[in-house]
Amino acid sequence: MADRNRTHDRRSLRARHRAALLAVACALVAAGCGSGDENDRAGHSPRPVERAPVKAAKPGLPGMPPLLDEHDLYAADRPGRLAPQVKDFPSRIYVPNTGSDTVSVIDPKTYKVIETIPVGVQPQHVVPSWDLKTLWVNNNRGHDLTPIDPATGKAGDPVKVHDPYNLYFTPNGKYAVVMASMDRQLVFRDPHTMEVRKTLPVNCAGVNHADFSADGRYFIVSCEFSAELLKVDTEKMKVIGQQKLPFEGAMPQDVKISPDGKTWYIADMMADGIWVLNGDTFDRPRLMPTGKGAHGLYVSRDSKHMYVSNRGEGSISLLDFRTGKLVDTWHIRGGGSPDMGGLSTDGKVLWLSGRYNSEVYALDTRTGKTLAKIPVGQGPHGLAVYPQPGRYSLGHTGIFR
């Protein structure tokens with residue numbers, strides 16, 4: 001009886017051992033497991049399925065629309081790809097004239113000014129809203145924003161906003177971010193009512209331009225009067241990095257991220273070139289000379305090139321994103337002072353304001369030929385081409401994703 005009990009105990013032990021091995025195997029196999037009887041009879045335990053390690057995707061800013069292509073931030077900006085809410089808007093060029101307190105409206109088909117809209121004091125930029133439904137005119141010294149309905153071209157009642165030099169929107173559409181240049185503040189506001197949600201004082205002078213990382217979790221801001229760059233946590237609304245540019249008298253302007261999201265470019269009108277920066281590490285950038293008074297940065301519709309307006313010499317430099325090198329330089333016919341602007345819907349025309357010449361330039365993006373020089377008001381600055389392809393706007397004269 002004792003021997004039978006010991007035999008029974010040994011069998012029970014072996015059974016429990018097999019069951020334990022089977023449980024481990026089941027945890028490793030991707031598909032579900034059966035009872036294991038067939039494997040036991042075959043004299044072996046199930047073999048675990050080997051899997052290649054999976055790299056976890058870095059989480060993006062909560063609420064931000066997912067990228068269409070993780071290798072190209074501008075994939076939504078292809079020729080003619082207009083969002084449903086803007087496809088019926090008339091194609092126009094909106095030009096803020098800082099010295100005339102007006103916005104000139106140009107018909108791109110005729111190259112003629114068809115309307116002049118009175119706005120507030122010292123309009124700097126015309127900025128498409130995150131939802132693409134409104135154009136905001138930044139009246140810097142008038143301390144307000146003039147809304148324009150791009151469906152009708154009519155201006156609405158101004159909204160009080162202090163020191164709105166420039167305007168951006170977080171990638172999730174949660175906040176408008178006012179670049180309060182003279183106030184030395186980044187002011188996070190409701191994107192519709194413009195009510196203040198948070199005021200972020202900054203320890204630099206002249207915040208003016210910005211762009212957002214691929215995941216939307218941070219943005220980089222240029223401070224033109226103190227020659228500095230800021231790195232800001234979008235969700236926490238907090239400065240997480242600050243550095244001085246390594247050039248005496250530097251004056252950084254427009255900021256743009258590369259299509260692959262790995263490289264940042266900052267135009268510098270005193271260093272006469274663009275700073276090339278790794279935004280993630282925020283290390284010391286290197287300077288790439290382009291031309292005198294480098295100012296505005298615009299990405300081609302095929303995401304292959306970036307146009308750099310050199311305001312001090314009347315030229316536009318072309319950067320090849322693949323090689324990271326300059327491949328061409330266009331000179332405006334008769335000279336000029338190309339500043340800020342944008343691309344036509346089909347990407348065939350680059351529109352730029354002529355800051356010191358009271359004119360607007362239209363250039364053929366295939367040949368660099370000057371198509372037109374259109375007289376406007378005094379001090380034309382951040383003009384907006386509208387509508388443009390894209391799902392939503394990050395602000396400025398039109399950064400679309």
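This is a predicted model: local features need pLDDT of at least 70, side-chain atom pairs count only at pLDDT 80 or more; totals for chains, interfaces and linings use all residues.
Reader: In what order do the four strands of the open sheet lie?

Author: Strands (E, at least two residues) are DSSP runs numbered from the N terminus, as are helices (H or I, at least four residues), and two strands pair if DSSP finds at least two bridges between them. Here the order is E21-E22-E23-E24, with antiparallel pairing. E21 and strand E24 (325-331) stand at the edges with a single partner strand each, so one side of each is left without a neighbour in the sheet. On average, neighbouring strands of this sheet are turned by 25° against each other, direction ignored; the axes are lines fitted to C-alpha atoms (for helices over the stretch in contact), and angles run from 0 to 180 degrees between N-to-C directions.

Reader: How many bridges join E22 to strand E23?

Author: Six bridges join E22 to strand E23 (residues 315-320), and Met306 has Leu319 in E23 as its bridge partner.

Reader: Which backbone angles deserve a second look?

Author: Most residues other than glycine have a negative phi, and most peptide bonds are trans. Leu132, although not a glycine, has a positive phi of about 70°, and its place is in the loop between strand E4 (123-128) and strand E5 (135-139). Ser303 has a positive phi of about 65° and lies in the loop between strand E21 (294-299) and strand E22 (305-310). A cis peptide bond, with omega about 0°, joins Tyr386 and Pro387, and Pro387 is found in the segment after strand E29 (384-386).

Reader: Is Leu132 buried or exposed?

Author: Buried means under 20% relative accessible area and exposed over 50%, with partly exposed in between (1.4 Å probe, protein chains only). Leu132 is buried, at a relative accessible area of 1%, and Ser303 is buried at 9%.

Reader: Which residues lie nearest the centre of the second largest pocket?

Author: A pocket is an open set of points on a 1 Å grid over the protein atoms alone, where a 1.4 Å probe fits, with protein on both sides within 12 Å along at least five of seven lines, and lining residues have an atom within 4 Å of a point. In this pocket, Ser91, Pro108, Lys109, Ser344 and Asp346 lie nearest the centre, among 13 lining residues.

Methods. Residues are numbered from 1 along each chain as its sequence is written. Side-chain values use heavy atoms; hydrogens and water are left out.
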